[in-house]
Amino acid sequence: MLDGEMRDGEHHNLEIVKNHTQKLQDELQKLALKVKHHEDNMKFLKTQMDNIDESILDMQVNLGKYHSSSAALEQNNDVSAMQSEQQTVGKILQQEKAAAGIICQMKIRHGLQASKLQLTKDVLGIVATLGKVNDDNLSRLFSEYLGLETMLAIVCKTYEGIKALEKYDKEGMIDQNAGLHGLGPSIGRLLNGRFLVFCLENLRPYIGEFVPEDPQKKLALLKPRLPNGEIPRGFIGFAVNMINVDHMHLSCLTPNGHGLRETLFYTLFSRLQVYKTRADMQSALPCVSDGAISLDGGMIKSSGLFNLGDRKDVEVKFPISPGISKPADVIEIEEKLKLMNWQKERLEEDVQREEALLNNAKNLFNIQKQELVKYLGETASHIKQVLPLVSSKFGGKKIQADG
């Protein structure tokens, strides 16, 4: 009786071993399929990356041909534009205790390397350097409207860039040895006071249409209308559309693909209206919602807030545009190239995520495999001892155990 109970018990244990072994094998198989799934995803993403790299190369070759053929024609305009930009940068550098001056000096000293430094790689530029206007009068008006503090504001793509600019200690005080505060003294500049920083990914963008087939991607804003339905006399346009943006900044600067016009400059100017004269602006008061300015110096900051008195030039102004226009097909290629580079950045992020998932799946697979091997090793000797007893219970029939 006791011998029979032992055989029954051993047979039950054998079934437990068999079932648990099967369970471990099933889990291992699932993990193997998961590893293969992530490996297939990696192959797909890398194929897409290769295709995009090939397209980017083709477009760069085409642009290179255009730029080499038109270099002489554009030389005079480029020199004029460069001088205007250099004047703006020079005025920024004169702001010795401003954060903008430190950023500009870093870019001058390190050139393209500044875009790879941890502190400045996410910095797109300074507000005053990211837009151009058609003439000096608009430059003075827009700069006065925004004010010096805003003109000197730093523009970052993401919040990670903001965090790199300023660090804090455990008590929440500014760490004077890190970020811009630590960098300033090393290049002979002391950062003093507060400074503004725009984070593009956190700005609420313009939601609406763009002017069809406009190379500058101007916003399709509805023109103001008086109560009688007429457009006000002397209305020229909206300030946000009178800023000329570099083609490389027109799109794909945020994870959602937005450019500077619908993020930064829409935040700065909103629907600020521009009129020929102060009299025209005053006549348009019933339809002024987000402020207005006139070419002769009139300024309404917002509905009900008037800026009176003499005009005052701001030290830092927007550069003047070179006044040239590229062929439509070249602009289209540049825009496609920008889009391709943006898509490549998103793919690189996808590859990093997929690679992390693949590595995690492989680690889990190896752990599960080791657990199965260990379990089989621990139960092997026990099974050998049990098999004769269980075999005798079934009349000497041979019992085959899995695993």
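The whole structure contains 0 disulfides, a disulfide being a pair of cysteine sulfur atoms within 2.5 Å. Cys199 is accordingly in no disulfide, and the nearest cysteine sulfur, that of Cys156, lies 7.1 Å away. The model is a predicted one, in which local features need pLDDT of at least 70 and side-chain atom pairs count only at pLDDT 80 or more, whereas totals for chains, interfaces and linings use all residues. Residues are numbered from 1 along each chain as its sequence is written, and side-chain values use heavy atoms, with hydrogens and water left out.

**The chain as a whole**

- The protein chain has 9 helices and 8 strands, where helices (H or I, at least four residues) and strands (E, at least two) are DSSP runs numbered from the N terminus.
- Of the 403 residues in the protein chain, 39% count as buried; here buried means under 20% relative accessible area, exposed means over 50%, and partly exposed lies in between, with a 1.4 Å probe and protein chains only.
- When contacts (heavy atoms within 4.5 Å) are taken between residues at least 6 apart in sequence, 71% of those in the protein chain join residues at least 24 apart.

**Two buried cysteines**

- Cys104 counts as buried because its relative accessibility is 8%.
- Cys199 is also classed as buried, because its relative accessible area is 8%.

- Although Gln29 and Gln368 are 339 residues apart along the chain, their C-alpha atoms are separated by 9.8 Å.

- Ile102 is found in helix H2, made up of residues 99-110, and it counts as buried because its relative accessibility is 0%.
- If residues up to four places away in sequence are not counted, Ile102 touches Leu180, Leu183, Gly184, Ile187, Arg189 and Leu191.
- Among these partners of Ile102 are Leu180, Leu183 and Gly184, and each of them is a buried residue of helix H6, which covers residues 179-186.
- Gly179 and His181 are buried in helix H6 as well.
- From C-alpha to C-alpha, Ile102 and His181 are 9.6 Å apart in space, while in sequence they are 79 residues apart.
- Just after H6, Gly188 takes a positive phi of about 80°.

- Thr150 lies in helix H4, residues 148-151, and counts as buried because its relative accessibility is 14%.
- Leaving aside its neighbours within four places in sequence, Thr150 is in contact with Val127, Leu196, Phe198 and Leu268.
- One of those contacts of Thr150 is Leu268, which is itself among the buried residues of helix H7.
- Helix H7, residues 261-269, is largely enclosed by the rest of the structure, because 8 of its 9 residues are buried.
- Just after H7, Ser270 takes a positive phi of about 50°.

- Glu213 has a positive phi of about 55° although it is not a glycine; it is found in the loop between S3 and strand S4 (235-238).
- Because its relative accessible area is 83%, Glu213 is exposed.
- Lys217, which is not a glycine either, has a positive phi of about 50°, and its place is in the loop between S3 and S4.
- Because its relative accessible area is 22%, Lys217 is partly exposed.
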